[in-house]
Amino acid sequence: MPQFDLRGIHAAKYVNTAGVISYTNRQKVGDAMVANLELRYAEGRLYAESALAEYLRKAVGGTISLGVKYIKSAAQQLMFGSASKSRVIEYTPAGSSTTATASVEGLAIGAKTQGQYVGVAFYAPDMVDGVEKFTCVKISKALFGPPSMQLQTAGENIQFNTPTTSGEFMADDSTTQNLIEVAIADTEEQAIAWVEAVLT
């Protein structure tokens, strides 16, 4: 199925209740740009009579990268454990000779800041036998870190720098040890509802 777009990246807090998995505090991560998933495998080879007799390969987790226009504050607090921080500043407005005060809201990450496990879901429009469908994807359990920053001054050509957060995903704590769930929806409305449903 050739996907040609990406939409609706959401994350929600992962909750394990004696092997029953649920999610709370679903947040939109940001306006979707890119999602990359790379599975990691455990492999085993058994040789007998000078030849490969058995081969075993099992998916055990992987890496995930999400690129968005900007990561929303609520999503940063959910995924990275960022703390909100407010500062009152004094400044001189342009064209004025008197000072003013303002409260500037921000987020802080410290050496002891720790993210939490989240579930992630999104959908991608695609074509199936000439008909537009929507591939829906859910990652059951993932842990992300804050994105790196790469900033540069503007020159003759404007270049946008957008955040990409990366992390690891692994099997959840259910008896089936789910990693990834993929579904095909007929309409975008169904895809949106699917993303909401799997993160509850």
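Close-up 1. Tyrosine 41 sits in strand E3, where strands (E, at least two residues) and helices (H or I, at least four) are DSSP runs numbered from the N terminus. This is a predicted model, so local features need pLDDT of at least 70 and side-chain atom pairs pLDDT 80 or more, while totals for chains, interfaces and linings use all residues. Residues are numbered from 1 along each chain as its sequence is written, and side-chain values use heavy atoms, with hydrogens and water left out. Tyrosine 41 is partly exposed, at a relative accessible area of 34%; buried means under 20%, exposed over 50%, and partly exposed in between (1.4 Å probe, protein chains only). Together with Leu39, Ile180 and Val182, Tyr41 makes a nonpolar surface patch of about 320 Å². Patch members have over 30% relative accessible area and no salt bridge, with like charges joined within 9 Å and nonpolar side chains (Val, Leu, Ile, Met, Phe, Trp, Tyr) within 5 Å. The areas come from Shrake-Rupley with a 1.4 Å probe, and for residues only the protein chains shown count as cover.

**Close-up 2. The largest pocket and its lining.** The largest pocket comes out at about 340 Å³. Its lining has 13 residues, with Pro147, Ser148, Met149, Thr162 and Pro163 lying nearest the centre. By type, the lining splits into eight nonpolar, five polar and no charged residues. Here Ala, Val, Leu, Ile, Met, Phe, Trp, Tyr, Cys and Pro count as nonpolar, Asp, Glu, Lys and Arg as charged, and the others, Gly among them, as polar. A pocket is an open set of points on a 1 Å grid over the protein atoms alone, where a 1.4 Å probe fits, with protein on both sides within 12 Å along at least five of seven lines; lining residues have an atom within 4 Å of a point. Points are joined across faces, edges and corners, and the volume is the space filled by probe spheres set on them.

**Close-up 3. Two loop residues with positive phi.** Most residues other than glycine have a negative phi. Alanine 18, not a glycine, has a positive phi of about 50°. Alanine 18 is in the loop between strand E1 (7-17) and strand E2 (20-28), and is exposed at 80% relative accessible area. Aspartate 129 also has a positive phi, near 55°. Aspartate 129 belongs to the loop between strand E7 (118-128) and strand E8 (131-144), and counts as exposed at 78%.

Close-up 4. Glutamate 168 and arginine 40 pair up at 2.7 Å, N to O; a salt bridge is a side-chain nitrogen of Lys or Arg within 4 Å of a carboxyl oxygen of Asp or Glu. Glutamate 168 is in strand E9 (residues 164-170) and arginine 40 in E3, so the pair ties together parts 128 residues apart in sequence. Glutamate 43 bridges to arginine 57, with the closest N and O atoms 3.3 Å apart. Glutamate 43 lies in E3 and arginine 57 in strand E4 (residues 51-68), so this pair ties together parts 14 residues apart. Glutamate 43 is partly exposed at 45%, and arginine 57 is partly exposed at 47%.

**Close-up 5. Lysine 133 and aspartate 186.** The closest N and O atoms of this salt bridge are 2.7 Å apart. Lysine 133 is in strand E8 and aspartate 186 in the loop between E10 and helix H2 (188-198), 53 residues apart.
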